[in-house]
Amino acid sequence: MSLNILIVDDSVTIRTVIAKAIGLSNAPVNEIQFASNGEEALNILNKSFVDLVLADINMPVMNGVEMVERMQSQDQLKKIPVVVVSTEGSSTRIDELKAKGVKAFIRKPFTPESIYKVIVEATNAYGPETDHRGAPQSEVPKTESDRKRVIGEVFESVLQNLAFMFVESVERETLQSMESPHDLPEKFIKASMAFTGPVHGWVNLMVPDELAKELASNIIGKEIDKSISQRHLNDALKEVLNVTCGNLLSAVVGTKQVFDAASPTLTEHDQQGWKDFLEEPQSIPFMIEDWPALLQFLFEQAK
Amino acid sequence: MRSEGGHAVVYTVGISDMKVSDNASDVLVTHSLGSCIGLSLYDPEIGVGGLVHCMMPVSKLDPVKAAANPLMFTDTGVTSLLKSMFERGANRRRLVVTVAGAGSLLDEKGFFKIGEKNYTILRKILWKNDILISEQDVGGNIVRTMYLYMDTGKTVIKRNLMTMNPVQTDVGQRTRLKEEA
């Protein structure tokens, strides 16, 4: 039996990675279709025969939860297995999705091999195992220094698993010493995203644009060339922030809570913009291999 | 190193070493995989296989040593094995890929994370070469030995020199999976 698979994700990078993993896996696939949100997915599902849906949760226009609910309300769609591929770390929301008929859950960052495994499991008679693998889970940190350590561990884990890159926590002075034009890259990109829930806040990540190229190249699994477009570069950095945010919320705030996150946005900055961001006390300094990076995770209790 | 026992010819792949073979009577083996990483590749259609044992993650850490022996480093070592396999006619889509090692031996506090880094670099190179891992036994405080039997294409990983839950990559089983699905 050859499968028709529908991949639903607003990130072109993630759609590319999932399709590549399926293509390399020797899974018996007839056709792969793409949708960038739940509404587009329902249109495709109502027009063509699909055996399996791999879907994100946080998407604009119509999110994955609503898409699953709509599928369950239609007789011809409710038997199609849905696998959620998401940064979602909330056990409450995962249980809700399972109750709504979601067959399996893959947490970002995932390995390409796990995509193949879940396709086989979700389409066979024995049923899949849910994959709760993600950033290291431990007790929610109580002190500021514990929180900083956990943020570092989560960021390290995300970069290593998603982009095959190594992260090192450094002192602020280390990045302040990179002042000469030769040491300091000229252009930077800041990715930002807001989240709401029991706590609300922001995650901001600023990196040199050269690092964004490396991230895109590694995540998609291609050498940097013309086939990696500006859209891919931007999208890869957004996805790094998205996955970091999801994993930070479950590691720092807790896995029982349910959060909604907005789509990440990008802004360009020069060296002065970088220096200003570096001086903000909430900025946590890192080196990602040879590149400097600053991460902020800001939140407060919702009123 | 070559030794003959019965009809099989056993080649020991040392640390920072590799061997590629197309002889069905060969057995390739590498010992002492702690934080080092072992990679075995086998193309079942043409019967070509190879094994590499790399010590450190990235060659840019020591370009002089890397130039003298690229097999010491995972980035250059894995690339060397892939090149040798392709030169012998192997096809990336057919490769059965097994990974062993990448433990945290002698580094339990995780200061250097050599094993983890070896594994991450290996994954990056395979992903960029459009290759997925078929089987693996990695991580933990364990020393492993890895065998590639060229007559069957099976890779067997043994832990602590004893056969504790050996991991086997069975070429026949993988082929059946494709046919059944």
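Reader: How many helices and strands does the secondary structure of chain B come to?

Author: Happy to start there. Keep in mind that this is a predicted model. Chain B has four helices and eleven strands. Of its 181 residues, 48% are buried. Among contacts in chain B with a separation of 6 or more, 61% join residues 24 or more positions apart.

Reader: Which residues touch the most other members of the largest nonpolar core?

Author: That core has 67 residues, and the ones touching the most other members are Ile18(A), Leu54(A), Val83(A), Leu159(A) and Phe297(A). Helix α9 of chain A, residues 230-253, contributes the most, with twelve residues. A separate core of 26 residues includes Val52(B), Leu82(B), Leu95(B) and Tyr119(B).

Reader: What is Val83(A) in contact with, leaving aside its neighbours within four places in sequence?

Author: Its partners are Leu52(A), Val53(A), Leu54(A), Ala55(A), Ala104(A), Ile106(A), Val118(A) and Ala122(A).

Reader: Now the helices. How are two packed helices described?

Author: By the angle between their axes and the distance between those axes. Here, α6(A), residues 144-163, packs against α9(A) at about 140°, with the axes 9 Å apart. Because of that angle, α6(A) is oblique to α9(A). Their crossing is right-handed.

Reader: Which residues make the contact of α6(A) and α9(A)?

Author: From α6(A), they include Val150(A), Ile151(A), Phe155(A) and Leu159(A). From α9(A), Glu239(A), Val243(A), Asn247(A) and Leu248(A) are among them. Sorted by class, this contact has twelve nonpolar, two polar and two charged residues.

How values were computed:
Residues numbered from 1 in each chain as written. Chains lettered and ligands numbered in written order. Predicted model: local features only at pLDDT ≥ 70, side-chain atom pairs only at ≥ 80, totals over all residues. Heavy atoms only, no water. Core = buried A, V, L, I, M, F, W, Y, C linked by side-chain atoms within 4.5 Å. Buried < 20%, exposed > 50% of the residue type's maximum accessible area, 1.4 Å probe, protein only. Helix = DSSP H or I, 4+ residues; strand = E, 2+ residues; numbered from the N terminus. Contact = heavy atoms within 4.5 Å. Axes fitted to C-alpha atoms, helices over the stretch in contact; angles between N-to-C directions. Parallel < 35°, antiparallel > 145°, perpendicular 65-115°, else oblique. Left-handed = near helix turned anticlockwise from the far one by under 90°. Nonpolar A, V, L, I, M, F, W, Y, C, P; charged D, E, K, R; others polar.
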